[in-house]
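Hi everyone, thanks for coming. Please have a look at the sequence and the structure on the screen, and then I'll walk you through a few places in them.

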Amino acid sequence: MPHHALEITLTRPATQAELARAVRVMPLAANHDAKRLMTVVKAKNPDRALSRAHHRLKELLPLDVLATHYPAPDGHVVLTIAFSPTADVFIRRAAEQMGQTPRVFLQQTIHRALARHARQEAERLDHALKALLDRTTPDQLLAAVGRTLTLSGTRQC
């Protein structure tokens, strides 16, 4: 059975006592502020790994989002989100009105939101580039981009 790396985001930083109890149930690595955790879960597939982690940790930690750390074979990251009861009812009703399961409804809603964000970001960058080109030549802009990328690359090494 394969292992699946999971990222866990908490609604607030975990206390030392909460982390200590949770580590007794499942191996966890916390980031510096104990609001994001990593674990590895043995399971048949990513869905099962997320379900297993959620089941084991839901009473021990203030879970917000559980996600696979690496994409599944289909290229998608799998998420488990702990919705409030109010949000859950809203999602179920909206999905029912669309004739969809809550899972399909959320998947399509997230895909549309990500596509909208990508379009808006591309438009923002296009607008910024046009504003730069109004004040400089393409050669000067290209040279500045080259310098910036070169400097960024040397700082990351």
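A word on the ground rules before we start. This is a predicted model, so local features need pLDDT of at least 70 and side-chain atom pairs count only at pLDDT 80 or more, while totals for chains, interfaces and linings use all residues. Residues are numbered from 1 along each chain as its sequence is written, and side-chain values use heavy atoms, with hydrogens and water left out.

Let's begin with the helices. Helices here are DSSP runs of H or I with at least four residues, strands are runs of E with at least two, and both are numbered from the N terminus. How do α3 and α4 pack? Helix α3, residues 85-97, meets α4 at an angle of about 90°, and their axes are 8 Å apart. The axes are lines fitted to C-alpha atoms, for helices over the stretch in contact, with angles running from 0 to 180 degrees between N-to-C directions. The two helices are therefore roughly perpendicular; that label covers 65 to 115 degrees, with under 35 being roughly parallel, over 145 roughly antiparallel and the rest oblique. On the α3 side, Ile91, Arg92, Ala94 and Ala95 make the contact, and on the α4 side Pro102, Phe105 and Leu106 do. Contact means heavy atoms within 4.5 Å.

Keep Arg92 in mind, as we turn to salt bridges. How many salt bridges does the structure hold? There are 5, counting a side-chain nitrogen of Lys or Arg within 4 Å of a carboxyl oxygen of Asp or Glu. Arg92 pairs with Asp88, with the closest N and O atoms 3.0 Å apart. These two are 4 residues apart in α3, so about one helical turn separates them. Arg92 has a relative accessible area of 47% and is partly exposed; the cut-offs are under 20% for buried, over 50% for exposed and partly exposed in between, with a 1.4 Å probe and protein chains only. Asp88, at 28%, is partly exposed.

In α4, Arg124 and Glu121 sit 3 residues apart, about one turn of the helix, and their side chains form a salt bridge at 2.5 Å, N to O. Then there is Glu18, which bridges to Arg12 at 2.6 Å between the closest N and O atoms. Is Glu18 buried or exposed? Glu18 is buried at 10%, whereas Arg12 is partly exposed at 36%.

Now for the surface. Val77, Leu79, Ile81, Phe83, Ile110 and Leu114 form a nonpolar patch with about 490 Å² of accessible area together. Strand β5 (79-81) and helix α4 (102-135) each supply at least two of the patch residues. Val77 lies in the loop between β4 (63-68) and β5, and is partly exposed at 45%. Patch residues have over 30% relative accessible area and no salt bridge, and are joined within 9 Å for like charges or within 5 Å for nonpolar side chains (Val, Leu, Ile, Met, Phe, Trp, Tyr). The areas come from the Shrake-Rupley method with a 1.4 Å probe, and for residues only the protein chains shown count as cover.

One last stop is the backbone. Most residues other than glycine have a negative phi. Ala34 has a positive phi, near 60°. Ala34 is in the loop between β2 (29-30) and β3 (36-42), and is buried at 9% relative accessibility.

That's my tour, and I'm happy to take questions.
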